[in-house]
Amino acid sequence: DVKFVRNVTDVDDKIIKRAAERKILPSELAETYTKRMQEDLEELGCLPPSVEPRATQYIPKMLALIEKLEEKGYAYQDKNGDVDFSVRKFKPYGALSGKKVDELQPGERVKVEEAKQDPLDFALWKRAKPGEPEWDSKWGKGRPGWHIECTAMIRKFLGETIDIHCGGQDLIFPHHENEIAQGECCTGKEYARYWMHNGYINVDNVKMSKSKGNFFTTRDVAEKYGYETIKLMMIQSHYRSPFNYTLEVIESCKNSLERLYNCREKLEFALDNGLSEVTEGEEEFLKKFEAAQEKFVTAMDDDLNTADGLTALFDLTRDINTALQVPRSKALAQKAAEQFDAIADVLGILYNRKKETLDADIEALIQKRQEARKSKDFKTADAIRDQLAGMGITLKDTPQGVQWTRS
């Protein structure tokens, strides 16, 4: 059983700045982009989280944590009125990223504030500035620092120690280091047992960033290639590795996706039209199907290696296509479909598959063509094929019968 929490930061420096530029409230901006994120993830076939808290809903929880850190001597109010965490008092700081405190350069990710006791210290509570969202606290009006939000919501929904913490590689330092520091100083317990950090997105082998101008949104790409093609592109790399977006890669993924859908359509046809008796050689194919499934499980058990898992699915696809070159039993088709669907379901692809039906008049034309072919009236059969093509129905004659697709 998995309890998946995806927290939403709905107040921070960037949100406040962008909202001011657009002359709207920070809450309006945050809600707009939260909804867009949710819509995109749904289109990508991603399951929703068990709970999706907003940071601003848990300000009291954050204040309680900050007070506790102050009581223990890890937090102090600086000359500007902010409340900061004293990094050097947490001896294991830097263990996740492999950085040593004495070698850190202040200001790598944030502006150095001279009001702090140490430039490395980070803000837990920020004093209110004119026009910004603010909440009451014992240190005066203000708002939470970014890092404390996550720790407060983790404790609320997942407890003092969580099993898995996810995020991008760019969050390892300082964000996740700061989370660990404040969390473990509060509880004295391990913050997270496992960390899963995803690699960067590259565009034509250059890291994607707004500053470089090589920036695409999910919707930009989905408009041309569809969301599911993006999903396939992402899982063909291990999540810890960078994945490279190029037009060649996305086109290749589009073709690969079509190959998977075509295989599943063949299976559907074989399920409806397969033989009742087992044919020669089916046992060998069943062994190959099982081997592909075992390969998939082994890959996914190895730190969610979706790249090798996807290879197993394409191995299975190849073996299914080979097996169905001649008429096969419904039993073989059923076993192949079960294994194919099980893998696709775990990978979260082929979720747009729908079993289409034909109108009665089109079914009648297909049957009439079959009868013409049996009686060797190929002129009539070809004429019906052309008629159906004009209606958007493409026919393909296979060893197991005629298959149709909508063009």
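Predicted model: local features only at pLDDT ≥ 70, side-chain atom pairs only at ≥ 80, totals over all residues.

Reader: Okay, so at what angle do the axes of helix 8 and helix 10 cross?
Author: They cross at roughly 45°, and the axes come within 10 Å. Helix 8 and helix 10 are therefore oblique to each other.

Reader: And what's the handedness of that crossing, left or right?
Author: The crossing of helix 8 and helix 10 is left-handed.

Reader: Which residues meet there?
Author: From helix 8 you've got Ser256, Arg259, Leu260, Cys263, Lys266 and Leu267. On the helix 10 side they meet Leu313, Phe314, Thr317, Arg318, Ile320 and Asn321. By type, the residues of this contact split into six nonpolar, three polar and three charged.

Reader: Switching to cores. How many residues are in the largest nonpolar one?
Author: The largest nonpolar core has 45 residues, and the ones with the most contacts inside it are Ile320, Phe340, Leu347 and Ile349. Several elements each supply at least two of its residues, including helix 6 (218-225), strand 9 (243-245), helix 9 (282-301) and helix 11 (330-347).

Reader: Which helix gives the most?
Author: That's helix 8, with nine residues.

Reader: What is Phe340 in contact with?
Author: Setting aside neighbours within four places in sequence, Phe340 is in contact with Leu260, Cys263, Arg264, Leu267, Leu313, Leu316, Thr317, Ile320 and Leu350.

Reader: Let's jump to Gly145. Is it buried or exposed?
Author: Gly145 has 1% relative accessibility, so it counts as buried. You'll find Gly145 in the loop between strand 4 (142-144) and helix 4 (146-158).

Reader: What does Gly145 touch?
Author: Not counting residues up to four places away in sequence, Gly145 touches Ala123, Leu124 and Trp125. Gly145 and Val11 are 134 residues apart in sequence, and their C-alpha atoms are 9.2 Å apart in space.

Reader: Where is Arg22 found?
Author: Arg22 is in helix 1 (residues 13-22). With 41% relative accessibility, Arg22 counts as partly exposed. Leaving out residues up to four places away in sequence, Arg22 touches Leu29 and Tyr33.

Reader: How far is Arg22 from Arg318?
Author: Their C-alpha atoms are separated by 53 Å, and the two are 296 residues apart along the chain.

Reader: Now the backbone. Is the peptide bond from Phe173 to Pro174 cis or trans?
Author: That bond is cis, with omega near 5°. Pro174 lies in helix 5 (residues 172-187).

Reader: And what's the phi of Asn205?
Author: Asn205 has a positive phi of about 70°, although it is not a glycine. Asn205 sits in the loop between strand 7 (201-203) and strand 8 (206-207). With a relative accessible area of 63%, Asn205 is exposed.

Reader: What about Leu304, what's the phi there?
Author: Leu304 isn't a glycine either, yet has a positive phi of about 50°. Leu304 lies in the loop between helix 9 and helix 10. Its relative accessible area is 40%, so Leu304 is partly exposed.

Technical notes: Residues numbered from 1 in each chain as written. Heavy atoms only, no water. Core = buried A, V, L, I, M, F, W, Y, C linked by side-chain atoms within 4.5 Å. Buried < 20%, exposed > 50% of the residue type's maximum accessible area, 1.4 Å probe, protein only. Helix = DSSP H or I, 4+ residues; strand = E, 2+ residues; numbered from the N terminus. Contact = heavy atoms within 4.5 Å. Axes fitted to C-alpha atoms, helices over the stretch in contact; angles between N-to-C directions. Parallel < 35°, antiparallel > 145°, perpendicular 65-115°, else oblique. Left-handed = near helix turned anticlockwise from the far one by under 90°. Nonpolar A, V, L, I, M, F, W, Y, C, P; charged D, E, K, R; others polar.
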